Amino acid sequence: MEVPLMADLFSRGESPEILFWVGCSGSYDQRAQKITRAFSAILSHIGIRYAILGREEMCTGDPARRAGNEFLFQMMAYQNIQTLNNYQIRKIVTACPHCFNILKNEYPELGGSYEVVHHTAFLQQLIDEGRIRLKEGGSYKGKKIVYHDSCYLGRANGIYDAPRKILEALDAELVEMKRCKSKGLCCGAGGAQMFKEEEKGNTRVNFERTREALDTGAALIASACPFCNTMLTDGVKNEEKDREVAVMDIAELIESELAPKN
C-alpha cells in the first residue's frame with residue numbers, strides 16, 4: 001500500500017486533511033494491522049488527503065499512565081506533542097479508543113490540543129455526507145451482528161450511536177447484549193490489563209463478555225477497538241466457535257462493502 005508519511009508531505013509544503021494515528025496495536029499486532037490497512041484503504045478509495053507519522057509516532061503513553069508510571073507517560077506524551085506541533089497538526093483520526101481518549105482528553109493539559117476523532121465517528125460522518133457509498137445488497141444484509149462497546153469509546157466519551165449507525169447502513173440486523181452501552185462490560189484489556197496477567201478469580205473477563213455476545217446468536221461480533229478485538233477473538237476461540245463466529249472491526253466491515261468508484 002502507498003501510505004503517505006507526514007515528513008514527506010511536510011517537505012513538499014503540503015498538509016493532510018487528517019493525520020491517521022495508527023497506535024502501537026495497529027502498527028505491530030498482526031491482527032490489528034488488518035484494521036489499519038482497512039481504514040487506510042477506505043481513505044485512499046474516497047480520496048481523503050491523509051498521512052501517518054510512521055517511525056516518528058510513539059506510544060501515546062496510555063498503558064504507562066494507567067499502570068501508574070506517570071513519569072514514562074509524560075516522557076512519551078511530550079515527545080509526541082512536540083512532533084505533532086512541529087507539523088502543525090490540527091485534526092487526528094485514530095482507530096484505537098485508548099489513543100483517542102488520551103489524545104483528546106489528557107494531552108491538552110500538556111500543550112497538545114487537537115481535534116481528535118475516533119474512526120467510527122469519522123466513518124459515520126463520511127457515510128452521512130455521501131462520501132462513502134456502500135454496495136447495494138451487500139454481504140452483511142440481514143446478517144445478525146452484535147456490537148461490543150469499548151469502555152474508552154462508550155462510557156469515557158459517550159460514543160454509542162456512530163458504530164451502530166454504520167452497522168445499520170450495512171443493512172445488518174443489529175442485536176444487543178443485555179449489558180450494552182453505558183452498562184457494557186469491559187473486554188478485560190483496559191487499564192493496562194492487556195499487558196499483564198489477570199488476578200485470581202472464577203473466570204477471565206473476556207471469556208464472560210464473549211459468552212454474552214455468543215448468547216445473542218449473532219454470526220459476527222463487531223468491535224471498534226484493537227484491544228477489544230483481541231480479547232473477544234481469544235474468547236471465541238476458547239468457546240471453540242471461531243469457525244462459526246467472526247470478530248471484525250467496523251472499518252473492516254465498511255472496507256469490504258465499498259461501492260466501486262464511478
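E239 is partly exposed, with a relative accessible area of 27%, where partly exposed is the range between buried (under 20%) and exposed (over 50%), taken with a 1.4 Å probe and protein chains only. Before I go on, a word on the source: this is a predicted model, in which local features need pLDDT of at least 70 and side-chain atom pairs count only at pLDDT 80 or more, while totals for chains, interfaces and linings use all residues. Residues are numbered from 1 along each chain as its sequence is written, and side-chain values use heavy atoms, with hydrogens and water left out.

Back to the charged pairs. The side chain of E239 meets that of R211 in a salt bridge at 3.3 Å, N to O, a salt bridge being a side-chain nitrogen of Lys or Arg within 4 Å of a carboxyl oxygen of Asp or Glu. This pair links distant parts of the chain, 28 residues apart, with E239 in the loop between α10 (226-238) and β8 (246-249) and R211 in helix α9 (residues 205-214); helices (H or I, at least four residues) and strands (E, at least two) are DSSP runs, numbered from the N terminus. R211 is also partly exposed, at 31%.

The structure holds 17 salt bridges, and another of them joins R31 and E252 at 2.8 Å, N to O. Here R31 sits in helix α3 (residues 30-45) and E252 in helix α11 (residues 250-256), 221 residues apart. R31 counts as partly exposed at 23% relative accessibility, whereas E252 is buried at 8%.

By contrast, R66 and D62 both lie in helix α4 (residues 62-66), about one turn of the helix apart, and their closest N and O atoms are 3.0 Å from each other. Both belong to a network of salt bridges that also links R65, E70, E106 and E109.

Turning to the sheet, four strands in the order β2-β1-β3-β4 make an open sheet with parallel pairing, where two strands pair if DSSP finds at least two bridges between them. β2 (50-51) and β4 (115-118) each have a single partner strand, so one side of each is left without a neighbour in the sheet. Strand β3 (residues 91-94) pairs with β4 over four bridges, and V93 stands opposite V117 in β4.

Both of these valines are also among the contacts of F122 beyond its neighbours within four places in sequence, together with I18, F39, L43, I48 and K91, contact meaning heavy atoms within 4.5 Å.
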